[in-house]
Amino acid sequence: MLYIFDEVDKLSGNFHIRYAPYLSQERIEKIGRLKSASSKELSAVVYLLLRYALVAQYGIDEQVIFEYGKNEKPCLRSYPEIHFNLSHTANAVACVVSGSPIGVDIQRITTVSDKVARRVLADGEYTEYLKSDSPDEFFCRVWAIKESVLKQTGQGISAEFKDIIADELVDITLYRGDGYYCCVTESDSIVKKVGFETLELFLLR
């Protein structure tokens, strides 16, 4: 199941401090290394969204610890049979949990340079991008699809984006939110939006 939190504007500047008791020490240390306040809040809330998802699907309610495999793809130290993936952008975060390897990516719709577009898009996609009535939206959709696939395999941005043709992929679920696209490498995935009040009630229960 895909979980999305897109009420980032409701996070206070001290969100990661207020909810530190619900974060693992590893996550607290990671947040401490981040420079911007927004990055700290996003890193905190995406971890807490994972905790929400694990309770909802598996009844696991604890500060889960990550281990890192090939290409630094994270897994759950105590629950290697449960696969997950996390992603965040400026206005939303996403989490997916599954019984098999899976990837998710969420991207804010924004303008990119021609250099970036040429690096990410295959030749045919680049032609469509130039002809599109909404090139920013076209690029964001394709980027989210490609990166979710690479995150499933653990390759991440080290791989060649142009080798993946987004429209040829069928085992995906694409979600269009308010100002963003989110893609998960699972067909017909159920999408659950988690609001700020729901997440806060979950943490404070």
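Buried means under 20% relative accessible area, exposed means over 50%, and partly exposed lies in between. By that cut-off Aspartate 188 is exposed, with a relative accessible area of 72%. The structure is a predicted model. Its largest nonpolar core holds 34 residues, and a search of the whole structure finds zero disulfides.

**Largest nonpolar core**

- Phe5 and Leu50 touch the most other members among the 34 residues of this core.
- Five elements are listed as giving two or more residues to the core: strand E1 (2–5), H3, strand E4 (83–89), strand E5 (92–98) and H7.
- H3 gives the most, with 11 residues.
- Leucine 50 touches Val64, Phe66, Leu76, Phe84, Leu86, Cys95 and Val97, leaving out residues up to four places away in sequence.
- In soluble globular proteins, nonpolar side chains tend to be buried together.

**A separate core**

- Another core, of 20 residues, lies apart from the largest one.
- Its members include Phe138, Cys140, Trp143 and Leu150.

**Packing of H3 against H7**

- Helix H3 spans residues 37–58, and helix H7 spans residues 196–203.
- Their axes come within 11 Å and cross at roughly 70°.
- H3 and H7 are therefore roughly perpendicular to each other.
- On the H3 side, the contact is made by Val45, Leu48, Arg51, Tyr52 and Val55.
- On the H7 side, Thr198, Leu199, Phe202 and Leu203 take part.
- By class, the contact has seven nonpolar residues, one polar and one charged.

**Cysteines**

- No disulfide is found anywhere in the structure.
- The sulfur of cysteine 95 has its closest cysteine sulfur in cysteine 182, at 10 Å, which is too far for a bond.
- Cysteine 95 is buried, with a relative accessible area of 0%.
- Cysteine 95 is also among the residues that leucine 50 touches.
- For cysteine 183, the closest cysteine sulfur is again in cysteine 182, at 7.3 Å, and this too is too far for a bond.
- Cysteine 183 is buried, with a relative accessible area of 0%.

**Proline 74**

- Proline 74 lies in strand E3, which covers residues 74–76.
- At a relative accessible area of 22%, proline 74 is partly exposed.
- Its contacts are Phe66, Glu67, Tyr68 and Phe84, leaving aside neighbours within four places in sequence.
- Two of these residues, Phe66 and Phe84, are also touched by leucine 50.

**Aspartate 188**

- Aspartate 188 sits in the loop between strand E8 (180–184) and strand E9 (191–193).
- Its phi is positive, at about 55°, although the residue is not a glycine.
- Its relative accessible area of 72% makes aspartate 188 exposed.

**Glycine 195**

- Glycine 195 lies in the loop between E9 and H7.
- At 18% relative accessibility, glycine 195 counts as buried.
- Glycine 195 touches Phe5 and Glu7, not counting residues up to four places away in sequence.

Notes: Residues are numbered from 1 along each chain as its sequence is written. This is a predicted model: local features need pLDDT of at least 70, side-chain atom pairs count only at pLDDT 80 or more; totals for chains, interfaces and linings use all residues. Side-chain values use heavy atoms; hydrogens and water are left out. A disulfide is a pair of cysteine sulfur atoms within 2.5 Å. Buried means under 20% relative accessible area, exposed over 50%, partly exposed in between (1.4 Å probe, protein chains only). Axes are lines fitted to C-alpha atoms, for helices over the stretch in contact, and angles run from 0 to 180 degrees between N-to-C directions. Helices (H or I, at least four residues) and strands (E, at least two) are DSSP runs, numbered from the N terminus. Angles under 35 degrees count as roughly parallel, over 145 as roughly antiparallel, 65 to 115 as roughly perpendicular and the rest as oblique. Contact means heavy atoms within 4.5 Å. Ala, Val, Leu, Ile, Met, Phe, Trp, Tyr, Cys and Pro count as nonpolar, Asp, Glu, Lys and Arg as charged, and the others, Gly among them, as polar. A nonpolar core is a set of buried Ala, Val, Leu, Ile, Met, Phe, Trp, Tyr and Cys residues joined through side-chain atoms within 4.5 Å.
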